[in-house]
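Hi,

Here is the structure I promised to pass on.

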Amino acid sequence: MNQNKVMPDYNNSILNLITSILKKYKVETQHTSLPKIDKILKKQYKNIVLMILDGMGENILKNISPNGILSKNKIDTITSVYPCTTTAAMTTYYSGKAPIETGWIAWTQFFKEYGKYINVLQERDFCTEEKLVIKSLPISDIIGYKTIYEQIEEQNKDTKTYEIMPSYCAKKAKITMVANTIQELCGSIITLCKNTEDKFVMAYQDNPDSIIHKNGCYSEETRQFIAQAEKEVEKMLQELKDTNTLLIISADHGHQDINETIDILELDEIQECLIMPPTLEGRMVGFFVKDTKRKDFEDRFNKIFKDKYILYTKEEIVKSNLFGYGKKHKKIEDFLGDYIAIAIADTRINLETYLSREMKEPKEKKSSHCGLTKNEMEVPLIVFDV
């Protein structure tokens, strides 16, 4: 599957998309914007809405609904950032920065400050799933960032910013609307856009990602969600007629169906090389390796995972600009480990410890992301001028 390897294009990515929006609102940024979006944004809109459907990669639309309303209004295919995972990609949307700058790179990251592996989006202990409550040093003090909502309102006193998202998500804007379904999401957009004020709205829906993880890229459940989403978008567009609204729809990342899951705890020859459990994600795995075992680890890993993963040293991956450009976050090298393995096929490594096995039920994933395949990296860019 190496021929399907796709690298992030930091001149044509979701980072450049959000940069175009920031540029429209006169926010200074070091990143380049998307010319196609810049051209559209020359028009003055009362409402600019960015809708993110989590996990809706280019391959999903192409295979499930090539003639639907979303595909028909696609103006381009862009890449995600890397890592192509919600933690990193949504933080790029929320901050206007690359993962190298934010430090938000994976579902699970080791914080030496707490001596714990933390699921950073949930702020929960990886093994026990207990909520992290450290009053003397909250996680926001370590990997906090200035949101695009703050940046936009600082430069535009007459513009309001809003976010719409599921109830479990951490609030990032001053004004947040809760929407747990695609119907609620579209309904909230309609309500906001019928107000008279100038506004920017970021609307996030956690599907089809959750559905795809459980059922696969091209499952009946995924098809049903896409059909429902297209129906709701079409109804919304009718309601938004003559509201002077620009609706941009994209995703944070795509998905790759998984045909092989390997349990890292069962690989004794790998385990004996490690000083700590593996970290990050199943398709981008960070390894903390004993100094005396580095050569053994490289040889053994490459033998077991040949043509399935690319193994990088921490130094190689930082220099590669895979995580983007900008000022390197002070925590990046702590989070990465000594080696990082990135998937290029349809294999996933199951990250767990014996403690996590005891504390929670393992989750089977029929599809996943955070590798470098075309399916994971490419997302559609869809535009409606209402």
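Helix H1 (residues 14–24) and helix H5 (residues 86–95) have axes that come within 8 Å and cross at roughly 15°. Axes here are lines fitted to C-alpha atoms, for helices over the stretch in contact, with angles from 0 to 180 degrees between N-to-C directions. H1 is therefore roughly parallel to H5 (the word covers angles under 35 degrees). Ile14, Leu15, Leu17 and Ile18 of H1 meet Ala89, Thr92 and Tyr93 of H5, where contact means heavy atoms within 4.5 Å.

Keep in mind that this is a predicted model: local features need pLDDT of at least 70, side-chain atom pairs count only at pLDDT 80 or more, and totals for chains, interfaces and linings use all residues. Numbering starts from 1 along each chain as its sequence is written, and side-chain values use heavy atoms, leaving out hydrogens and water.

Now the sheet. Seven strands make an open, mixed sheet, in the order S2-S18-S9-S1-S8-S6-S7. Helices (H or I, at least four residues) and strands (E, at least two) are DSSP runs, numbered from the N terminus. At the edges sit S2 (74–79) and S7 (176–178), each pairing on one side only; a pair needs at least two DSSP bridges. From one strand to the next, the twist averages 20°.

S2 runs antiparallel to S18 (residues 378–385), joined by five bridges, and Ile78 is opposite Val379 of S18.

Cheers

Terms used. Angles under 35 degrees count as roughly parallel, over 145 as roughly antiparallel, 65 to 115 as roughly perpendicular and the rest as oblique.
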